[in-house]
Amino acid sequence: MIALAAGITLGVVVDVDVPAAMQPYLPIAVIAALDALFGGVRAHLDGVFDDKQFTISFISNVLVAALIVYLGDQLGVGAQLSTGVVVVLGIRIFSNVAAIRRRLFRA
């Protein structure tokens with residue numbers, strides 16, 4: 001939690017310039033990271049959190065999502081594959097948030 005707060009603070013304070021070649025991949029990487037983050041919170045609340053599994057999930061989610069978008073760009077269908085990645089990860093994020101809500105609020 002401390003590292004998360006420090007990372008958010010650092011991201012807000014420091015002005016980072018993302019190279020133009022990396023800009024299409026950044027939103028997808030952020031969504032993939034959010035998916036891993038909410039999955040980790042859900043696992044923690046369920047009492048099955050494993051830091052090694054979380055780290056591997058976090059890194060692999062970001063890399064696989066970026067790879068899919070990169071391959072889509074190479075094939076000329078980058079926008080469609082980006083949309084697909086966002087939809088799939090969005091469904092997972094909302095599913096995890098719903099499970100967290102049910103666990104915390106019993107609703």
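How many helices and how many strands does the protein chain have? It has four helices and zero strands, where a helix is a DSSP run of H or I of at least four residues and a strand a run of E of at least two, numbered from the N terminus. From that end, the order is α-α-α-α.

Some housekeeping. This is a predicted model, in which local features need pLDDT of at least 70 and side-chain atom pairs count only at pLDDT 80 or more, while totals for chains, interfaces and linings use all residues. Residues are numbered from 1 along each chain as its sequence is written, and side-chain values use heavy atoms, with hydrogens and water left out.

Now the whole chain. Its C-alpha atoms fill a box of roughly 45 × 30 × 25 Å along the principal axes. Of the 107 residues, 21% are buried, meaning under 20% relative accessible area with a 1.4 Å probe, protein chains only.

On to helix 2, residues 26-46. Its 21 residues reach 30 Å from first C-alpha to last, close to the 30 Å expected at 1.5 Å a residue; the expected span is 1.5 Å times one less than the number of residues. Ile-28, Ala-29, Ala-32, Ala-33, Asp-35, Ala-36, Gly-40 and Ala-43 are buried in helix 2. These residues lie on the same side of helix 2 because they cover an arc of only 150 degrees around the axis, taken from the directions from the helix axis to the C-beta atoms. Their cover includes helix 3 (51-75) and helix 4 (78-105). Just after helix 2, Gly-47 has a positive phi of about 75 degrees.

Technical notes: Buried < 20%, exposed > 50% of the residue type's maximum accessible area, 1.4 Å probe, protein only. Contact = heavy atoms within 4.5 Å.
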